[in-house]
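Visitor: I would like to learn how to read the features of a model like this, one after another. Could you take me through them, giving the general idea before each case?

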Amino acid sequence: MNKLDNNAKTDHLPGVVHQEKLVMLLQQSHMAAYMSVIIAAILVGILWQSQQHSHLLVWMAGIVVTAAARFYLYASYSRNPPEIDENSPRETAYFAATLIYFAWWSFGSLWIMPKDSFAEQIIVLYFMIGLAGSAVAVFSASWALQISAISLLLLPIVSWFYAQGSLQTAGMATAGLMFLLSAMRSARVLAGTINTSLSLKHRLIAANAVAERLARIDELTDLYNRRAFYEYSRLQTAQAQRTGNPLSLILLDIDHFKGVNDTYGHAVGDEVLRHVSDMLRASVRESDICGRIGGEEFALLLPGTSAEKAQVVAEALRRSLYESPFNFSDGEAIVHASFGVAAVHGEFSDALRQADAALYSAKSAGRNRVEVCDNITPIRTPGGEHNRR
Ligand SMILES: Nc1nc2c(ncn2[C@@H]2O[C@H](COP(=O)(O)OP(=O)(O)OP(=O)(O)O)[C@@H](O)[C@H]2O)c(=O)[nH]1
């Protein structure tokens, strides 16, 4: 049965974009956290001769613990991503862990920075600027995280350099501050560009889904249109030939439908078409393909079903339609239809011609009946003419 999704997912657009940004963020920062642990180890190595080992080891342990928390949250998110639009507590936890991680880097590095060696202070500033630069790229999907990370990494050390009061340290602080400002601006542009391109991507996906739907689905009945029905039927025919499974086609044409339109109006005619399509949808199997292939003409393709069984299905449909009166605002009417059944053996177009011939003979024989092409004896049904109450 045709089941194209009715909703192009534009309602979920902000949620989808948010989720994709989160995935981007987690994927990139996973690697970055790993690298920054190595970078922290290098800094510890550089300062090993001039700084107390216990301070360096405590700081390094803090880096490892906070990085491990980020890895853990990333792994938990990857194993079990939240639903779209879900406001996940893990997301908040991840943001918090990342900020704690950078705060530890920043205030911790001030703590381990030798206060009497300008050269080593410059080395620490160099590390902070390097990390801030990579944070712009790594957190490009989140402006809030970019700004927080850059500020956390640079503001404390820049302030510290200003507080020293010498010309040299003021120069270093000013250079750091200028870098901070330009990194903030780049962060804003980058995050905005990513947001726009992800939104455009998902709008395009949604628009394609709508176009795909419009090209394949009959708007009035929500069944496959003629083009889609023929396309799926050809695929099923090829598959049936490969597997040797039986395949059958039923054509159904509402009887005297012109009379419905003429008597009750086109709008009621449309409702009758929906009534028939609802009945078809409710009666056939999930694997059957159902389409509206003409004004008041419908088709069913039944995989795994012989013509004999299809005849039984068609008869059940005929009876069900005949026995369930159609209710509308002005009253009630009996709607009935003629059916033509054929087995699909070779080309689908041959079966279509045969089912059409059987349908024609059902119409000629009095309507409201099922006829089968080939040598199957048709189930003779009360050839009821148009019956209206
Ligand atoms: N309301 C409505 N009518 C449609 C639609 N498409 C086709 N029709 C009408 O369906 C009618 C088909 O009429 P005919 O081909 O004469 O068929 P019939 O009256 O069912 O007669 P038999 O098939 O011989 O029993 C025409 O009046 C079309 O205008 C549609 O989407 N909505």
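Guide: What follows goes from the whole chain to its helices, then to single residues and the ligand shell. Please keep in mind throughout that this is a predicted model.

Visitor: How many helices and strands make up the secondary structure of the protein chain?

Guide: The protein chain comes to 11 helices and seven strands. Of its 389 residues, 34% count as buried, and among contacts between residues at least 6 apart in sequence, 68% join residues at least 24 apart.

Visitor: How is the span of a helix read, and what does H7 show at 1.5 Å a residue?

Guide: The expected span is 1.5 Å times one less than the number of residues. Helix H7, residues 226-243, has 18 residues and should therefore span 26 Å, which agrees with the 25 Å between its end C-alpha atoms. Helix H2, with 27 residues, reaches 38 Å from its first C-alpha to its last, close to the 39 Å expected.

Visitor: Which residues of H7 are buried, and what do they pack against?

Guide: Burial is read from the number of neighbouring C-beta atoms, with 20 or more others within 10 Å as the cut-off. In H7 the buried residues are Ala-228, Phe-229, Ser-233, Gln-236, Thr-237 and Ala-240, and they pack against helices H6 and H11 as well as strands E1, E2 and E3. Just after H7, Gly-244 takes a positive phi of about 80°.

Visitor: And which residues of H2 are buried?

Guide: The buried residues of H2 are Leu-56, Trp-59, Ile-63, Thr-66, Ala-67, Arg-70, Leu-73, Tyr-74 and Tyr-77, and what covers them includes H1 and H3.

Visitor: How should I read the crossing of two helices, and at what angle do the axes of H3 and H4 cross?

Guide: The angle is taken between N-to-C directions, and a value over 145 degrees counts as roughly antiparallel. The axes of H3 (residues 89-112) and H4 (residues 118-138) come within 11 Å and cross at roughly 170°, so the two helices are roughly antiparallel to each other. In their contact, Trp-105, Ser-106 and Ser-109 of H3 meet Val-124, Phe-127, Met-128 and Leu-131 of H4, and the residues of this contact divide into five nonpolar, two polar and no charged.

Visitor: How do the axes of H5 and H6 cross?

Guide: The axes of H5 (residues 143-164) and H6 come within 8 Å and cross at roughly 170°, which makes H5 roughly antiparallel to H6. The residues making the contact include Ile-150, Leu-154 and Ile-157 of H5 and Gly-176, Leu-177 and Leu-180 of H6, and the contact residues divide into 17 nonpolar, four polar and one charged.

Visitor: Where is Gln-51 placed, and which residues does it touch?

Guide: Gln-51 is in the loop between H1 and H2 and is partly exposed, with 18 other C-beta atoms within 10 Å. Apart from residues up to four places away in sequence, Gln-51 touches Leu-56, Ile-112 and Pro-114. Gln-51 and Ile-112 are 61 residues apart in sequence and 6.8 Å apart in space, C-alpha to C-alpha.

Visitor: What is phi of His-256, and where does that residue lie?

Guide: Most residues other than glycine have a negative phi. Phi of His-256, however, is positive, near 50°, and His-256 lies in the loop between E1 and H8, partly exposed with 19 other C-beta atoms within 10 Å. Arg-367 has a positive phi of about 70° although it is not a glycine, and lies in the loop between H11 and strand E7.

Visitor: Finally, which residues come nearest the ligand?

Guide: Of the 17 residues around the ligand, Asp-255, Phe-257, Lys-258, Gly-269 and Gly-295 come nearest. Strand E1 and helices H8 and H9 each supply at least two residues of this shell, whose residues divide into four nonpolar, six polar and seven charged.

Note on methods. Residues are numbered from 1 along each chain as its sequence is written. This is a predicted model: local features need pLDDT of at least 70, side-chain atom pairs count only at pLDDT 80 or more; totals for chains, interfaces and linings use all residues. A residue is near a molecule or strand if its C-beta atom, placed from the backbone, lies within 6 Å of it. Helices (H or I, at least four residues) and strands (E, at least two) are DSSP runs, numbered from the N terminus. Ala, Val, Leu, Ile, Met, Phe, Trp, Tyr, Cys and Pro count as nonpolar, Asp, Glu, Lys and Arg as charged, and the others, Gly among them, as polar. A residue is buried if 20 or more other C-beta atoms lie within 10 Å of its own, exposed if 12 or fewer, and partly exposed in between; C-beta atoms are placed from the backbone. Two residues are in contact if their C-beta atoms, placed from the backbone, lie within 7 Å. Axes are lines fitted to C-alpha atoms, for helices over the stretch in contact, and angles run from 0 to 180 degrees between N-to-C directions. Angles under 35 degrees count as roughly parallel, over 145 as roughly antiparallel, 65 to 115 as roughly perpendicular and the rest as oblique.
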